[in-house]
Amino acid sequence: MAETYGYVRVSTKDQNEDRQIIAMEQFGVERKNIFLDKQSGKDFNRPRYRRMIKSIREGDVVVIKSIDRLGRSYEEILEQWRLITKQKKAAVVVLDMPLLDTRQSRSLIGTLIADLVLQLLSYVAQTEREFIRQRQAEGIAAAKKRGVRFGAQPKQRPENFGECLAAWKNGAISAREAGRRLHVSHKTFLRWAQEETQNMLCMD
């Protein structure tokens, strides 16, 4: 007897998969047949996806919410689509795009229409991701020009840094002792000392 499987993917562990799972259950997929991965679609090293693929038999149905659940690039989506429909000989249903339902028609025209729609949607999905990355890069570049800093902020130097620096320069204490007094590593102290020297040279 043919089985109906649902595949759900969210990009991070913080994202909620409930919307996709509810859509699967409304379609009629049993909870035991819903496979969930919580990681990026940048590759297909996904344990639950691989388990689902191994479970698929000819005549089964695979349900996904949207086409980009299969992958993050045009080539990957087409490859997985062909794996399911051609090699496994199963049907695919994309809930967000009724035209992508290979149960409805296995005629030459029906297959041709599905393939054309699939290629178009896969291309659009990849293009949208590239536009998002481009806008993010442009936004970061613009923010940097405005002086916005990204990443961890540099550690503030303690009030007694000048005193320790002078003692170290005079040979009264070692770099390790200076770091201990400042509650930082000796490497951090030496970096601060180097930055201080460079600042003094720039002022001369």
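The side chain of T102 reaches the backbone nitrogen of V92 at 2.8 Å. This is a polar contact, defined as a pair of N or O atoms within 3.5 Å; within protein, one must be able to donate a hydrogen and the other to accept it, and residues adjacent in sequence count only if both atoms are side-chain atoms. The model is predicted: local features need pLDDT of at least 70, side-chain atom pairs count only at pLDDT 80 or more, and totals for chains, interfaces and linings use all residues. Residues are numbered from 1 along each chain as its sequence is written, and side-chain values use heavy atoms, with hydrogens and water left out.

T102 is found in the loop between β4 and α4 (108–145). Helices (H or I, at least four residues) and strands (E, at least two) are DSSP runs, numbered from the N terminus. T102 has a relative accessible area of 13% and is therefore buried. Buried means under 20% relative accessible area, exposed over 50%, and partly exposed in between (1.4 Å probe, protein chains only). Beyond its neighbours within four places in sequence, T102 is in contact with W81, T85, A90, A91 and V92. Contact here means heavy atoms within 4.5 Å. A90 lies 12 residues from T102 along the chain, and their C-alpha atoms are separated by 8.7 Å.

The protein chain holds 7 helices and 4 strands. Their order along the sequence is β-α-β-α-β-α-β-α-α-α-α. Of its 204 residues, 36% count as buried. Among contacts between residues at least 6 apart in sequence, 59% join residues at least 24 apart. The accessible surface comes to about 13,400 Å², and 52% of it belongs to carbon and sulfur atoms. Areas come from the Shrake-Rupley method with a 1.4 Å probe; for residues, only the protein chains shown count as cover.

Aromatic pairs were assigned by ring geometry. Rings of Phe, Tyr and Trp (its six-membered ring) pair if their centres lie within 6.5 Å; planes under 30 degrees apart count as stacked, over 60 as edge-to-face and the rest as tilted. By this rule the count is 5 aromatic pairs. The ring centres of F161 and F189 are 6.2 Å apart and the planes stand at 65°, so this pair is edge-to-face. F161 lies in helix α5 (residues 161–169) and F189 in helix α7, so the pair ties together parts 28 residues apart in sequence. F161 counts as buried at 6% relative accessibility. F189 is also buried, at 0%. F161 and W192 form an edge-to-face pair as well, with 5.7 Å centre to centre and 90° between the planes. This pair also links distant parts of the chain, with F161 in helix α5 and W192 in helix α7, 31 residues apart. F161, W168, F189 and W192 form one aromatic cluster.

Charged groups also sit over rings. The criterion is NZ of Lys or CZ of Arg within 6 Å of the ring centre and within 35 degrees of the ring normal. The charged end of R157 sits over the ring of F161, 5.3 Å from its centre. R46 lies over the face of Y49, at 4.9 Å from the ring centre.

Backbone torsions complete the description. Most residues other than glycine have a negative phi. K89 has a positive phi, near 60°. K89 lies in the loop between α3 (74–87) and β4 (91–94) and is partly exposed, at 44% relative accessibility. H183 has a positive phi of about 65°. H183 is found in the loop between α6 (175–182) and α7 (186–203) and counts as exposed, at 71%.
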